[in-house]
Amino acid sequence: MNDKPAPSLEEISSCVSGYDPNALPVEQAREFIARLVPRVEGVEMLALRSAMGRVLARDIVSDIDVPAHDNSAMDGYALYGSDLAAGGDTVLQVVGSGLAGNGYAGSVAPGQCVRIMTGATMPDGLDTVIPQEFVRQDGDRVVVPAGAVKTGENRRLAGEDLARGDVALSAGRVLRPADLGMLASLGRAEVPVWRRLRVAFFSTGNELRSIGEPLDPGCVYDSNRYTLWGMLQRLGVEVLDMGVVRDDPRALESAFRDAAAQADVVITSGGVSVGEADYTKAIMAKLGDVLFWRIAMRPGRPMAIGRIATGGRSAILFGLPGNPVAVMVTFYALVRDALLAMAGAPAQPLPMLRAASAGAIRKKPGRTEYQRGIVTPAAGGGWEVRITGSQGSGILRSMSQANGLVVLGHEQGNVAAGDPVDVLPFDGLI
Ligand SMILES: Nc1nc2c(c(=O)[nH]1)N[C@H]1C(S)=C(S)[C@@H](COP(=O)(O)OP(=O)(O)OC[C@H]3O[C@@H](n4cnc5c(N)ncnc54)[C@H](O)[C@@H]3O)O[C@H]1N2
Ligand code: MOO
(Lines give C-alpha, C1' and ligand atoms only; values in the text may rest on other atoms or scores of the structure.)
(Ligands and ions follow the chains in the order given, each with its own letter.)
Protein backbone atom coordinates (compact mmCIF):
# COMPACT_ATOMS: atom_id res chain seq x y z
CA MET A 1 0.00 0.00 0.00
CA ASN A 2 1.20 3.60 -0.33
CA ASP A 3 3.18 5.53 2.28
CA LYS A 4 0.99 8.64 2.42
CA PRO A 5 -0.21 9.32 5.96
CA ALA A 6 -3.67 7.82 6.18
CA PRO A 7 -6.42 9.62 8.09
CA SER A 8 -7.29 8.11 11.47
CA LEU A 9 -10.66 6.42 11.89
CA GLU A 10 -11.67 9.32 14.13
CA GLU A 11 -10.81 11.84 11.42
CA ILE A 12 -12.81 9.86 8.89
CA SER A 13 -15.84 9.58 11.14
CA SER A 14 -15.83 13.32 11.75
CA CYS A 15 -16.17 13.82 7.97
CA VAL A 16 -19.26 11.58 7.75
CA SER A 17 -22.35 13.61 8.59
CA GLY A 18 -24.65 12.03 11.16
CA TYR A 19 -22.05 9.39 12.03
CA ASP A 20 -23.40 7.10 14.76
CA PRO A 21 -21.50 3.80 15.14
CA ASN A 22 -24.44 2.24 16.99
CA ALA A 23 -27.06 2.87 14.30
CA LEU A 24 -25.15 3.65 11.15
CA PRO A 25 -27.21 4.06 7.98
CA VAL A 26 -25.83 2.08 5.02
CA GLU A 27 -25.05 5.24 3.05
CA GLN A 28 -22.89 6.62 5.86
CA ALA A 29 -21.14 3.28 6.27
CA ARG A 30 -20.34 3.29 2.55
CA GLU A 31 -19.07 6.86 2.73
CA PHE A 32 -16.84 6.03 5.69
CA ILE A 33 -15.41 2.99 3.95
CA ALA A 34 -14.79 4.93 0.73
CA ARG A 35 -12.72 7.43 2.73
CA LEU A 36 -10.84 4.67 4.54
CA VAL A 37 -9.57 2.52 1.71
CA PRO A 38 -6.38 3.35 -0.24
CA ARG A 39 -5.73 2.28 -3.83
CA VAL A 40 -3.02 -0.27 -4.53
CA GLU A 41 0.34 0.99 -5.74
CA GLY A 42 2.40 -0.73 -8.38
CA VAL A 43 1.84 -1.14 -12.09
CA GLU A 44 2.72 -4.15 -14.20
CA MET A 45 2.80 -4.57 -17.96
CA LEU A 46 0.80 -7.56 -19.12
CA ALA A 47 0.35 -9.25 -22.47
CA LEU A 48 -3.11 -8.51 -23.79
CA ARG A 49 -4.74 -11.85 -23.03
CA SER A 50 -3.31 -11.96 -19.51
CA ALA A 51 -4.86 -8.54 -18.87
CA MET A 52 -8.44 -9.80 -19.24
CA GLY A 53 -10.39 -8.77 -16.10
CA ARG A 54 -7.48 -6.67 -14.80
CA VAL A 55 -7.67 -2.95 -14.02
CA LEU A 56 -6.07 -0.53 -16.46
CA ALA A 57 -3.57 1.72 -14.65
CA ARG A 58 -3.12 4.41 -17.32
CA ASP A 59 -5.23 5.97 -20.04
CA ILE A 60 -4.68 4.32 -23.41
CA VAL A 61 -4.37 6.97 -26.11
CA SER A 62 -4.70 5.88 -29.70
CA ASP A 63 -1.58 6.55 -31.76
CA ILE A 64 -3.18 5.52 -35.04
CA ASP A 65 -6.49 6.02 -36.81
CA VAL A 66 -8.78 2.99 -36.70
CA PRO A 67 -9.58 2.22 -39.43
CA ALA A 68 -6.41 3.62 -40.94
CA HIS A 69 -8.06 4.51 -44.27
CA ASP A 70 -11.48 5.30 -45.73
CA ASN A 71 -12.92 1.97 -46.87
CA SER A 72 -16.01 0.31 -48.20
CA ALA A 73 -18.73 -1.01 -45.87
CA MET A 74 -20.27 -3.16 -48.63
CA ASP A 75 -19.42 -5.39 -51.57
CA GLY A 76 -20.45 -3.31 -54.60
CA TYR A 77 -19.20 -0.37 -56.65
CA ALA A 78 -17.36 2.74 -55.51
CA LEU A 79 -18.37 5.89 -57.36
CA TYR A 80 -18.40 9.69 -57.31
CA GLY A 81 -21.57 10.88 -55.58
CA SER A 82 -21.49 13.84 -57.96
CA ASP A 83 -22.14 11.44 -60.88
CA LEU A 84 -25.51 10.33 -59.49
CA ALA A 85 -28.26 11.63 -61.76
CA ALA A 86 -31.01 13.49 -59.94
CA GLY A 87 -34.25 11.66 -60.89
CA GLY A 88 -32.98 9.04 -63.36
CA ASP A 89 -30.75 6.00 -63.70
CA THR A 90 -26.98 6.53 -63.68
CA VAL A 91 -24.82 4.48 -66.03
CA LEU A 92 -21.14 4.03 -65.00
CA GLN A 93 -18.21 2.27 -66.59
CA VAL A 94 -16.33 -0.21 -64.38
CA VAL A 95 -12.57 0.47 -64.69
CA GLY A 96 -11.07 -1.91 -62.12
CA SER A 97 -11.54 -3.63 -58.81
CA GLY A 98 -10.33 -3.25 -55.24
CA LEU A 99 -10.10 -5.96 -52.58
CA ALA A 100 -9.58 -5.64 -48.81
CA GLY A 101 -5.81 -5.36 -48.38
CA ASN A 102 -5.31 -4.86 -52.11
CA GLY A 103 -7.09 -1.68 -53.10
CA TYR A 104 -7.50 -0.15 -56.58
CA ALA A 105 -4.62 2.24 -57.17
CA GLY A 106 -5.50 3.63 -60.61
CA SER A 107 -7.25 6.87 -61.38
CA VAL A 108 -10.99 7.12 -61.95
CA ALA A 109 -12.59 9.67 -64.25
CA PRO A 110 -16.08 11.09 -63.86
CA GLY A 111 -18.63 8.58 -65.21
CA GLN A 112 -16.48 5.67 -64.08
CA CYS A 113 -16.67 3.39 -61.02
CA VAL A 114 -14.64 0.65 -59.33
CA ARG A 115 -15.79 -2.80 -58.30
CA ILE A 116 -15.05 -2.87 -54.53
CA MET A 117 -15.20 -5.36 -51.65
CA THR A 118 -16.00 -4.73 -48.00
CA GLY A 119 -12.94 -3.34 -46.21
CA ALA A 120 -11.12 -2.32 -49.40
CA THR A 121 -9.58 1.15 -49.39
CA MET A 122 -11.73 3.72 -51.17
CA PRO A 123 -10.01 4.71 -54.46
CA ASP A 124 -8.82 8.34 -54.43
CA GLY A 125 -11.71 10.79 -54.66
CA LEU A 126 -14.52 8.24 -54.70
CA ASP A 127 -16.91 8.89 -51.85
CA THR A 128 -19.88 6.53 -52.26
CA VAL A 129 -20.50 2.78 -52.50
CA ILE A 130 -23.58 1.18 -54.01
CA PRO A 131 -24.15 -2.42 -52.80
CA GLN A 132 -23.98 -4.86 -55.72
CA GLU A 133 -27.54 -6.15 -55.21
CA PHE A 134 -28.93 -2.68 -56.07
CA VAL A 135 -27.35 -2.34 -59.54
CA ARG A 136 -27.94 -3.93 -62.91
CA GLN A 137 -24.80 -5.10 -64.64
CA ASP A 138 -24.41 -4.81 -68.37
CA GLY A 139 -20.95 -5.88 -69.63
CA ASP A 140 -18.41 -3.41 -68.23
CA ARG A 141 -21.19 -1.03 -67.27
CA VAL A 142 -23.43 -0.83 -64.21
CA VAL A 143 -26.78 0.89 -64.02
CA VAL A 144 -27.53 2.55 -60.69
CA PRO A 145 -31.31 3.02 -60.36
CA ALA A 146 -32.52 6.48 -59.36
CA GLY A 147 -32.48 7.00 -55.57
CA ALA A 148 -30.68 3.69 -54.81
CA VAL A 149 -27.83 5.44 -52.97
CA LYS A 150 -26.94 8.87 -51.65
CA THR A 151 -23.54 10.55 -51.71
CA GLY A 152 -21.30 9.32 -48.88
CA GLU A 153 -23.25 6.16 -48.13
CA ASN A 154 -21.62 2.78 -47.36
CA ARG A 155 -18.22 4.33 -46.86
CA ARG A 156 -16.37 4.03 -43.54
CA LEU A 157 -14.12 6.94 -42.67
CA ALA A 158 -10.56 6.71 -41.43
CA GLY A 159 -10.52 7.12 -37.65
CA GLU A 160 -14.29 6.73 -37.25
CA ASP A 161 -13.77 3.99 -34.65
CA LEU A 162 -10.78 5.59 -32.92
CA ALA A 163 -9.05 8.72 -34.11
CA ARG A 164 -5.35 9.27 -33.41
CA GLY A 165 -5.10 11.08 -30.05
CA ASP A 166 -8.44 9.77 -28.71
CA VAL A 167 -8.52 8.21 -25.26
CA ALA A 168 -9.48 4.67 -26.22
CA LEU A 169 -9.77 3.38 -22.64
CA SER A 170 -9.47 5.27 -19.37
CA ALA A 171 -7.44 4.26 -16.35
CA GLY A 172 -9.62 2.35 -13.89
CA ARG A 173 -11.30 0.29 -16.57
CA VAL A 174 -11.76 -3.41 -15.77
CA LEU A 175 -10.76 -4.93 -19.09
CA ARG A 176 -13.49 -6.84 -20.88
CA PRO A 177 -13.50 -8.81 -24.14
CA ALA A 178 -14.40 -5.80 -26.31
CA ASP A 179 -11.56 -3.84 -24.69
CA LEU A 180 -9.01 -6.54 -25.56
CA GLY A 181 -10.24 -6.40 -29.15
CA MET A 182 -10.00 -2.63 -29.21
CA LEU A 183 -6.47 -2.70 -27.82
CA ALA A 184 -5.57 -5.27 -30.46
CA SER A 185 -7.03 -2.96 -33.14
CA LEU A 186 -4.49 -0.38 -31.95
CA GLY A 187 -1.70 -2.92 -32.27
CA ARG A 188 -0.98 -2.95 -28.52
CA ALA A 189 0.72 -6.14 -27.39
CA GLU A 190 0.90 -5.13 -23.71
CA VAL A 191 -1.04 -2.90 -21.35
CA PRO A 192 -0.26 -1.35 -17.94
CA VAL A 193 -2.48 -2.70 -15.16
CA TRP A 194 -2.52 -2.21 -11.40
CA ARG A 195 -1.05 -5.07 -9.46
CA ARG A 196 -3.72 -7.38 -8.18
CA LEU A 197 -5.30 -6.60 -4.81
CA ARG A 198 -4.52 -9.32 -2.25
CA VAL A 199 -7.36 -10.32 0.02
CA ALA A 200 -6.90 -12.79 2.89
CA PHE A 201 -9.89 -14.28 4.66
CA PHE A 202 -10.74 -16.73 7.37
CA SER A 203 -13.70 -17.92 9.38
CA THR A 204 -13.86 -17.79 13.15
CA GLY A 205 -15.84 -19.98 15.52
CA ASN A 206 -15.33 -23.17 17.52
CA GLU A 207 -18.48 -24.67 16.02
CA LEU A 208 -17.11 -24.58 12.49
CA ARG A 209 -15.87 -27.68 10.73
CA SER A 210 -14.14 -27.82 7.38
CA ILE A 211 -15.27 -30.11 4.60
CA GLY A 212 -13.78 -33.57 5.20
CA GLU A 213 -13.96 -33.30 9.00
CA PRO A 214 -16.67 -35.15 10.93
CA LEU A 215 -19.58 -32.95 11.93
CA ASP A 216 -19.37 -33.13 15.73
CA PRO A 217 -22.48 -32.44 17.81
CA GLY A 218 -23.41 -28.76 17.80
CA CYS A 219 -21.17 -28.03 14.81
CA VAL A 220 -21.82 -26.74 11.29
CA TYR A 221 -19.74 -26.90 8.18
CA ASP A 222 -17.99 -23.65 7.33
CA SER A 223 -19.86 -22.25 4.35
CA ASN A 224 -18.72 -18.62 4.57
CA ARG A 225 -15.27 -19.33 3.21
CA TYR A 226 -16.85 -20.75 0.09
CA THR A 227 -19.29 -17.91 -0.54
CA LEU A 228 -16.52 -15.41 0.17
CA TRP A 229 -14.10 -17.24 -2.10
CA GLY A 230 -16.70 -17.18 -4.89
CA MET A 231 -17.49 -13.49 -4.49
CA LEU A 232 -13.80 -12.57 -4.40
CA GLN A 233 -13.06 -14.70 -7.47
CA ARG A 234 -15.69 -12.76 -9.39
CA LEU A 235 -13.95 -9.52 -8.49
CA GLY A 236 -10.65 -10.76 -9.89
CA VAL A 237 -8.62 -10.17 -6.74
CA GLU A 238 -5.87 -12.48 -5.46
CA VAL A 239 -7.39 -14.67 -2.78
CA LEU A 240 -5.64 -16.12 0.29
CA ASP A 241 -7.87 -18.62 2.06
CA MET A 242 -6.58 -18.96 5.62
CA GLY A 243 -9.06 -21.57 6.78
CA VAL A 244 -11.03 -21.78 10.00
CA VAL A 245 -9.52 -20.20 13.10
CA ARG A 246 -10.79 -21.36 16.46
CA ASP A 247 -11.92 -18.90 19.06
CA ASP A 248 -8.66 -18.79 20.96
CA PRO A 249 -6.67 -15.60 21.55
CA ARG A 250 -3.33 -17.00 20.38
CA ALA A 251 -4.70 -18.66 17.29
CA LEU A 252 -6.64 -15.53 16.39
CA GLU A 253 -3.70 -13.20 16.95
CA SER A 254 -1.40 -15.26 14.78
CA ALA A 255 -4.05 -15.56 12.06
CA PHE A 256 -4.62 -11.80 12.00
CA ARG A 257 -0.88 -11.06 11.96
CA ASP A 258 -0.28 -13.58 9.22
CA ALA A 259 -3.12 -12.21 7.12
CA ALA A 260 -2.12 -8.58 7.59
CA ALA A 261 1.51 -9.39 6.73
CA GLN A 262 0.56 -10.87 3.37
CA ALA A 263 -2.54 -9.05 2.21
CA ASP A 264 -3.94 -5.59 1.52
CA VAL A 265 -7.31 -6.58 2.96
CA VAL A 266 -8.31 -9.03 5.67
CA ILE A 267 -11.89 -10.29 5.71
CA THR A 268 -13.18 -12.38 8.58
CA SER A 269 -16.60 -13.75 9.33
CA GLY A 270 -18.07 -14.30 12.75
CA GLY A 271 -17.35 -13.08 16.24
CA VAL A 272 -18.32 -9.42 15.77
CA SER A 273 -21.58 -9.46 17.71
CA VAL A 274 -22.00 -9.48 21.48
CA GLY A 275 -21.47 -13.21 22.18
CA GLU A 276 -19.58 -14.23 25.33
CA ALA A 277 -17.18 -16.80 23.93
CA ASP A 278 -15.72 -14.46 21.32
CA TYR A 279 -12.15 -13.24 21.51
CA THR A 280 -12.28 -11.99 17.95
CA LYS A 281 -13.21 -8.41 18.79
CA ALA A 282 -10.63 -8.15 21.54
CA ILE A 283 -7.84 -9.32 19.22
CA MET A 284 -8.94 -7.04 16.41
CA ALA A 285 -8.89 -4.09 18.81
CA LYS A 286 -5.48 -5.12 20.15
CA LEU A 287 -3.85 -5.39 16.73
CA GLY A 288 -5.18 -2.31 15.09
CA ASP A 289 -7.40 0.68 14.87
CA VAL A 290 -10.83 -0.93 14.65
CA LEU A 291 -14.42 0.24 15.07
CA PHE A 292 -17.33 -2.01 15.90
CA TRP A 293 -20.43 -0.86 14.13
CA ARG A 294 -24.07 -1.64 14.37
CA ILE A 295 -25.35 -0.87 10.93
CA ALA A 296 -28.98 0.05 10.26
CA MET A 297 -29.40 -2.80 7.82
CA ARG A 298 -30.84 -6.26 7.68
CA PRO A 299 -29.32 -8.73 7.41
CA GLY A 300 -25.85 -7.72 8.54
CA ARG A 301 -26.10 -5.56 11.61
CA PRO A 302 -22.76 -6.02 13.41
CA MET A 303 -19.51 -5.37 11.61
CA ALA A 304 -15.91 -4.48 12.44
CA ILE A 305 -14.01 -2.05 10.26
CA GLY A 306 -10.56 -0.54 10.41
CA ARG A 307 -6.90 -1.38 10.04
CA ILE A 308 -4.84 -4.25 11.39
CA ALA A 309 -1.13 -3.50 11.71
CA THR A 310 1.75 -5.92 11.81
CA GLY A 311 5.47 -5.67 11.09
CA GLY A 312 5.26 -2.05 9.97
CA ARG A 313 2.50 -2.56 7.43
CA SER A 314 -1.23 -2.38 7.79
CA ALA A 315 -4.16 -4.00 6.07
CA ILE A 316 -7.77 -2.92 5.84
CA LEU A 317 -10.03 -5.09 7.98
CA PHE A 318 -13.62 -6.04 7.25
CA GLY A 319 -14.96 -8.14 10.12
CA LEU A 320 -18.22 -9.44 8.71
CA PRO A 321 -21.02 -10.97 10.77
CA GLY A 322 -21.04 -14.76 10.95
CA ASN A 323 -24.52 -15.54 9.66
CA PRO A 324 -24.14 -16.92 6.12
CA VAL A 325 -26.60 -14.54 4.43
CA ALA A 326 -25.26 -11.57 6.40
CA VAL A 327 -21.76 -12.31 5.06
CA MET A 328 -22.96 -12.14 1.47
CA VAL A 329 -25.19 -9.12 1.88
CA THR A 330 -22.62 -7.06 3.77
CA PHE A 331 -20.05 -8.04 1.15
CA TYR A 332 -22.23 -6.77 -1.70
CA ALA A 333 -23.56 -3.71 0.13
CA LEU A 334 -20.32 -2.52 1.76
CA VAL A 335 -17.20 -4.45 0.76
CA ARG A 336 -17.44 -5.00 -2.99
CA ASP A 337 -17.17 -1.36 -4.06
CA ALA A 338 -14.39 -0.78 -1.53
CA LEU A 339 -12.33 -3.65 -2.98
CA LEU A 340 -12.88 -2.35 -6.49
CA ALA A 341 -11.74 1.13 -5.43
CA MET A 342 -8.65 -0.39 -3.78
CA ALA A 343 -7.96 -2.39 -6.94
CA GLY A 344 -7.97 0.90 -8.91
CA ALA A 345 -11.45 0.52 -10.43
CA PRO A 346 -13.87 2.92 -8.75
CA ALA A 347 -17.28 1.24 -9.06
CA GLN A 348 -20.04 2.69 -11.18
CA PRO A 349 -23.57 2.63 -9.72
CA LEU A 350 -25.13 -0.71 -10.57
CA PRO A 351 -28.27 -0.70 -12.70
CA MET A 352 -31.39 -1.40 -10.62
CA LEU A 353 -34.63 -2.89 -11.88
CA ARG A 354 -37.98 -1.55 -10.81
CA ALA A 355 -40.22 -4.56 -10.25
CA ALA A 356 -43.73 -5.05 -8.86
CA SER A 357 -43.65 -6.99 -5.59
CA ALA A 358 -45.69 -10.19 -5.98
CA GLY A 359 -46.61 -10.13 -2.29
CA ALA A 360 -46.75 -7.81 0.70
CA ILE A 361 -43.44 -7.27 2.55
CA ARG A 362 -43.21 -6.11 6.15
CA LYS A 363 -40.54 -3.46 6.55
CA LYS A 364 -39.70 -1.01 9.33
CA PRO A 365 -38.46 2.45 8.36
CA GLY A 366 -35.03 3.34 9.78
CA ARG A 367 -32.92 0.55 8.23
CA THR A 368 -32.08 -0.77 4.78
CA GLU A 369 -33.28 -4.30 4.09
CA TYR A 370 -31.92 -6.64 1.47
CA GLN A 371 -34.48 -9.34 0.78
CA ARG A 372 -33.66 -12.11 -1.64
CA GLY A 373 -35.95 -12.28 -4.63
CA ILE A 374 -36.66 -14.00 -7.92
CA VAL A 375 -37.34 -11.55 -10.72
CA THR A 376 -39.41 -12.72 -13.68
CA PRO A 377 -41.10 -10.91 -16.57
CA ALA A 378 -44.55 -9.65 -15.47
CA ALA A 379 -47.61 -10.75 -17.44
CA GLY A 380 -48.48 -7.17 -18.48
CA GLY A 381 -44.87 -6.13 -19.26
CA GLY A 382 -42.12 -4.97 -16.93
CA TRP A 383 -40.86 -7.13 -14.06
CA GLU A 384 -42.29 -8.89 -11.04
CA VAL A 385 -40.31 -9.98 -7.98
CA ARG A 386 -41.16 -12.73 -5.50
CA ILE A 387 -39.31 -13.14 -2.20
CA THR A 388 -37.46 -16.49 -1.84
CA GLY A 389 -39.32 -17.85 1.19
CA SER A 390 -37.95 -17.46 4.68
CA GLN A 391 -35.52 -14.57 4.92
CA GLY A 392 -33.62 -15.65 8.05
CA SER A 393 -29.99 -14.59 8.11
CA GLY A 394 -28.88 -18.22 8.42
CA ILE A 395 -30.94 -19.45 5.47
CA LEU A 396 -28.41 -19.55 2.66
CA ARG A 397 -30.97 -21.17 0.37
CA SER A 398 -32.77 -17.79 0.25
CA MET A 399 -29.65 -16.42 -1.45
CA SER A 400 -28.94 -19.42 -3.64
CA GLN A 401 -32.46 -19.42 -5.11
CA ALA A 402 -32.53 -15.67 -5.71
CA ASN A 403 -31.52 -13.87 -8.87
CA GLY A 404 -31.48 -10.46 -7.23
CA LEU A 405 -31.63 -8.45 -4.03
CA VAL A 406 -34.78 -6.48 -3.28
CA VAL A 407 -33.40 -3.29 -1.75
CA LEU A 408 -35.85 -1.63 0.64
CA GLY A 409 -34.40 1.78 1.45
CA HIS A 410 -33.78 3.33 4.86
CA GLU A 411 -37.02 5.34 4.92
CA GLN A 412 -39.23 2.70 3.28
CA GLY A 413 -42.15 1.23 5.26
CA ASN A 414 -44.36 -1.78 4.51
CA VAL A 415 -44.72 -2.82 0.88
CA ALA A 416 -48.16 -3.83 -0.44
CA ALA A 417 -48.58 -6.52 -3.12
CA GLY A 418 -48.17 -4.86 -6.51
CA ASP A 419 -46.05 -1.95 -5.17
CA PRO A 420 -42.90 -1.20 -7.16
CA VAL A 421 -39.59 -2.03 -5.43
CA ASP A 422 -35.92 -1.70 -6.39
CA VAL A 423 -34.11 -4.90 -7.32
CA LEU A 424 -30.36 -5.25 -7.78
CA PRO A 425 -29.95 -8.11 -10.28
CA PHE A 426 -27.11 -10.46 -9.39
CA ASP A 427 -25.91 -10.40 -12.97
CA GLY A 428 -24.96 -6.77 -12.52
CA LEU A 429 -22.68 -7.65 -9.64
CA ILE A 430 -20.23 -9.87 -11.45
N1 LIG B 1 -27.86 -10.34 21.65
C2 LIG B 1 -27.59 -10.20 20.36
N3 LIG B 1 -27.32 -11.30 19.66
C4 LIG B 1 -27.04 -11.16 18.35
C5 LIG B 1 -27.06 -9.91 17.72
C6 LIG B 1 -27.33 -8.78 18.52
O7 LIG B 1 -27.33 -7.65 18.03
N8 LIG B 1 -27.58 -8.98 19.84
N9 LIG B 1 -26.85 -9.82 16.39
C10 LIG B 1 -27.20 -10.98 15.62
C11 LIG B 1 -26.76 -10.84 14.28
S12 LIG B 1 -27.63 -9.76 13.31
C13 LIG B 1 -25.77 -11.59 13.74
S14 LIG B 1 -25.40 -11.52 12.06
C15 LIG B 1 -24.96 -12.49 14.51
C16 LIG B 1 -23.53 -12.16 14.22
O17 LIG B 1 -22.74 -12.73 15.15
P18 LIG B 1 -21.22 -12.96 14.96
O19 LIG B 1 -20.64 -12.16 13.88
O20 LIG B 1 -20.58 -12.79 16.28
O21 LIG B 1 -21.14 -14.43 14.42
P22 LIG B 1 -21.16 -15.79 15.19
O23 LIG B 1 -21.84 -15.64 16.49
O24 LIG B 1 -19.79 -16.30 15.17
O25 LIG B 1 -22.05 -16.62 14.21
C26 LIG B 1 -23.39 -16.32 13.94
C27 LIG B 1 -24.03 -17.52 13.29
O28 LIG B 1 -23.43 -17.79 12.05
C29 LIG B 1 -22.89 -19.11 12.00
N30 LIG B 1 -21.61 -19.06 11.31
C31 LIG B 1 -20.55 -18.31 11.67
N32 LIG B 1 -19.54 -18.51 10.81
C33 LIG B 1 -19.97 -19.40 9.91
C34 LIG B 1 -19.38 -20.01 8.79
N35 LIG B 1 -18.11 -19.72 8.45
N36 LIG B 1 -20.10 -20.90 8.06
C37 LIG B 1 -21.36 -21.20 8.43
N38 LIG B 1 -21.99 -20.63 9.48
C39 LIG B 1 -21.30 -19.77 10.22
C40 LIG B 1 -22.67 -19.46 13.44
O41 LIG B 1 -22.62 -20.84 13.62
C42 LIG B 1 -23.86 -18.80 14.10
O43 LIG B 1 -25.01 -19.60 13.94
O44 LIG B 1 -25.24 -12.36 15.86
C45 LIG B 1 -26.63 -12.28 16.19
N46 LIG B 1 -26.77 -12.30 17.62
O1 MOO C 1 -26.01 -9.55 10.55
MO2 MOO C 1 -27.35 -10.46 11.19
O3 MOO C 1 -27.60 -11.10 9.73
O4 MOO C 1 -28.65 -9.24 10.65
O5 MOO C 1 -28.27 -11.97 11.40
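**Exercise 1. In which sense do strand 17 (residues 265–269) and strand 21 pair, and over how many bridges?**

Solution. Step one: the two strands pair in the parallel sense, over five bridges. Pairing here asks for at least two bridges found by DSSP between the strands, and strands are DSSP runs of E of at least two residues, numbered from the N terminus.

A word on the model before going on: it is predicted, local features need pLDDT of at least 70, side-chain atom pairs count only at pLDDT 80 or more, and totals for chains, interfaces and linings use all residues. Residues are numbered from 1 along each chain as its sequence is written, while chains are lettered from A and ligands numbered from 1 in the order in which they are written. The chain has a mean pLDDT (the predictor's confidence in each residue, from 0 to 100) of 95, and 98% of its residues reach 70 or more. The ipTM is 0.96 and the pTM 0.93.

**Exercise 2. Describe how strand 20 (residues 302–310) pairs with strand 21.**

Solution. Step one: this pairing is antiparallel, with seven bridges. Step two: T310 has R313 as its bridge partner in strand 21. Step three: look at the hairpin, where two residues lie between the strands and G311 takes a positive phi near 50°.

**Exercise 3. Is strand 21 (residues 313–320) mostly covered or uncovered?**

Solution. Count the residues that are buried, meaning that 20 or more other C-beta atoms, placed from the backbone, lie within 10 Å of their own. Seven of the eight residues pass, and strand 21 is mostly covered.

**Exercise 4. Work out the strand order of the open six-stranded sheet.**

Solution. Step one: the order is 7-4-6-5-9-8, with mixed pairing. Step two: strand 7 (128–131) and strand 8 (136–138) are the edges, each pairing on one side only. Step three: strand 4 (residues 76–79) and strand 6 (residues 112–116) run antiparallel and are joined by three bridges; A78 stands opposite V114.

Definitions and conventions:
Helix = DSSP H or I, 4+ residues; strand = E, 2+ residues; numbered from the N terminus. Buried ≥ 20, exposed ≤ 12 C-beta atoms within 10 Å, placed from the backbone.
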